[in-house]
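Take a slow look around this protein before reading on. Below, we walk through a pocket, a sheet and the surroundings of a ligand.

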Amino acid sequence: MAEKIYRVNMTNLTTSTEPVPDKWLGLGGRGLTSTIVAEEVEPTCHPLGGKNKLVVAPGLLSGTVAANSGRLSIGAKSPLTGTIKEANSGGTAAQMLAKLGCKALIIEGLPKGDAWYTLLISEDGVTIQEEQELVGKGNFDVVATIGKRTDEKHGIITIGPAGEMKLSAANISIKDPDSHLRSSGRGGLGAVMGSKRVKCIIIEPTDAKVEIVDQEKFTEANRAFTKALVDNPISQALGTYGTNVLVNIINEAGALPTRNFTSGQFDGHEEISGETMHDTIVERAGKPKHNCHKGCVIQCSQIYNDKEKKYKTSGFEYESIWAMGADCCVDNLDHIAEADHLMDDIGVDSIETSVAMGVAMEGGLLEFGDGEGICRILREDVAKGTPLGRIIGCGAASVGRAFGVTRVPVVKNQAIPAYDPRAVKGIGITYATSTQGADHTMGYTIATNILGVGGSVDPLSHEGQVELSRNLQIATAAIDSTGMCLFIAFAALDDEKCLPALVDMINARFGADLTADDVTNLGISILKTERAFNEAAGFTNKDDRLPEFFYEEPIAPHNVVWDIPDEELDKFWDF
Ligand code: SF4
């Protein structure tokens with residue numbers, strides 16, 4: 001099916017289908033969302049106003065059988081950071097949109113009245129329908145209600161109550177193959193969808209297939225690519241323990257931010273580790289290994305059941321477990337799972353919200369370690385939109401201001417995730433310089449600094465950190481455009497057959513003749529496009545800094561501060 005751009009104007013409630021302009025043909029995923037946002041959104045606009053646009057795009061390989069290629073990118077100007085933003089996620093939507101020929105969906109404008117809307121995407125295009133039944137519902141209820149209204153096969157992209165309230169930590173949830181949820185978590189994109197009063201996007205299944213120019217070459221390349229993924233030892237560890245395999249590793253490295261970033265090690269790390277989680281899942285008849293979308297061969301996701309062996313949460317990630325666990329000193333995995341479930345249902349980013357809880361604990365809202373108290377506040381305040389709930393639901397910086405706390409771990413207003421930059425300098429460079437605020441996925445130097453993938457760079461030294469972060473940020477921008485899950489990077493860095501096979505698949509899909517250098521150049525051009533948007537929005541090098549306390553407070557066990565000079569950080573953009 002020929003690819004198209006679907007455009008929805010919420011101001012006058014009209015839709016159109018447009019041919020893909022030549023300049024966008026070679027783009028997908030983050031490359032496309034960031035390009036469209038940079039071309040069509042005024043950088044200084046209010047993120048929740050009529051000039052912002054929400055752009056949804058499957059990756060270049062989404063909808064094909066390429067392993068791990070089902071990521072969906074969503075972009076806009078972020079209400080949390082004020083920068084350009086892309087957040088991607090698994091689930092069924094990317095593959096379904098790609099099969100419908102939807103290269104990108106652009107939602108623009110704001111409706112005039114108080115009504116809410118659902119968008120229905122099918123082979124005939126997009127239709128806008130007024131929505132009443134789903135309004136106010138949590139994400140799990142939305143998925144169940146649409147399941148009854150249509151059938152279990154429809155794709156769903158939705159916001160929870162947090163998105164409806166336009167909270168800056170609101171995420172966008174995507175239905176996975178088991179009708180559970182995956183999240184485009186970071187940067188408050190759910191608030192942008194809420195500002196447009198779109199509660200939900202429903203995607204009709206189709207029998208259409210994505211066109212492949214050279215099927216034989218594609219199949220052969222996918223075989224080599226899949227082998228590289230399944231043979232990789234880190235892929236295998238992810239398949240056994242999930243991303244939560246990292247709790248013990250990062251604790252051992254002294255980089256597990258604990259008690260609102262006051263230590264690098266957590267006494268309760270064993271209780272919340274991937275190993276404990278794995279045994280608990282097996283004991284309770286959950287699934288230790290699970291796909292967030294069809295075709296994933298790594299399967300880092302899982303299904304975590306409660307003590308009664310009933311579903312509690314899935315996609316139970318290291319960063320969420322760290323944030324609610326070590327950072328808030330909660331050593332009870334069931335309390336963390338309950339909080340994860342609640343955050344999925346309310347539709348808030350589990351990193352932002354949990355780091356906000358850690359800051360609130362320091363501000364005296366709750367005792368550190370009070371997992372039940374966190375769940376109570378999520379249920380009674382954040383879900384219901386009380387003034388306290390709205391402060392927490394707008395993120396860590398919002399809580400820091402409201403409670404007068406100065407130890408607020410954010411860059412460009414976005415919460416720093418699960419790796420302390422004082423103990424792993426490379427990831428600090430990524431947090432500081434990323435075009436999207438603090439985000440480990442933008443340039444995951446942990447791979448090299450801690451896991452020894454793609455070489456080795458001492459995490460505590462200054463040497464080579466800027467170059468490492470830059471190379472990984474470039475590679476990540478390119479990977480995020482293909483629709484590939486970022487966890488292919490471990491095999492791509494360590495197996496010489498992996499990256500050429502990925503390039504071969506892109507060439508076979510489009511009849512192109514790209515080289516690995518072309519893919520690198522794509523990553524560079526995406527970063528520069530994003531940086532230019534941020535500069536036009538008013539950001540300068542002075543925003544590429546970590547918070548003051550990292551420079552002043554040494555962290556145990558290494559007793560180190562953040563000591564990369566500002567001039568070194570500023571060299572990041574010399575390319
Ligand atoms: S490895 Fe994990 S995040 Fe990546 S596609 Fe598979 S289940 Fe999803």
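## A pocket, a sheet and a ligand

Let's begin with the second largest pocket: its largest share of lining, three residues, comes from α2. Keep in mind that this is a predicted model. The second largest pocket has a volume of about 580 Å³. Its lining counts 20 residues, and those closest to the centre are Gly63, Thr64, Gln95, Lys99 and Lys294. Two elements, α2 (93–99) and α6 (215–231), each give two or more residues to this lining.

Now for the ligand. Which residues surround the ligand? Its shell is made up of Asn68, Arg71, His290, Cys292, His293, Cys296, Ile298, Gln299, Cys300, Ser301, Cys485 and Phe487.

The table shows how the residues of these two places divide by kind.

Finally, turn to the strands. Six of them form an open sheet with mixed pairing, in the order β2-β1-β6-β3-β4-β5. At the edges are β2 (14–19) and β5 (84–89), each of which pairs on one side only. On average, neighbouring strands of this sheet are turned by 15° against each other, direction ignored.

In what sense do strands β1 and β6 pair? Strand β1 (residues 4–9) and strand β6 (residues 102–108) run parallel, with six bridges in their pairing. To see a facing pair for yourself, find valine 8, which stands opposite isoleucine 107 in β6.

How values were computed. Residues are numbered from 1 along each chain as its sequence is written. This is a predicted model: local features need pLDDT of at least 70, side-chain atom pairs count only at pLDDT 80 or more; totals for chains, interfaces and linings use all residues. Side-chain values use heavy atoms; hydrogens and water are left out. A residue is near a molecule or strand if one of its heavy atoms lies within 4 Å of it. On a 1 Å grid over the protein atoms alone, a cavity is a set of points where a 1.4 Å probe fits but cannot get out, and a pocket is an open set with protein on both sides within 12 Å along at least five of seven lines; lining residues have an atom within 4 Å of a point. Grid points are joined across faces, edges and corners, and a volume is the space filled by probe spheres set on the points. Helices (H or I, at least four residues) and strands (E, at least two) are DSSP runs, numbered from the N terminus. Two strands pair if DSSP finds at least two bridges between them. Axes are lines fitted to C-alpha atoms, for helices over the stretch in contact, and angles run from 0 to 180 degrees between N-to-C directions.
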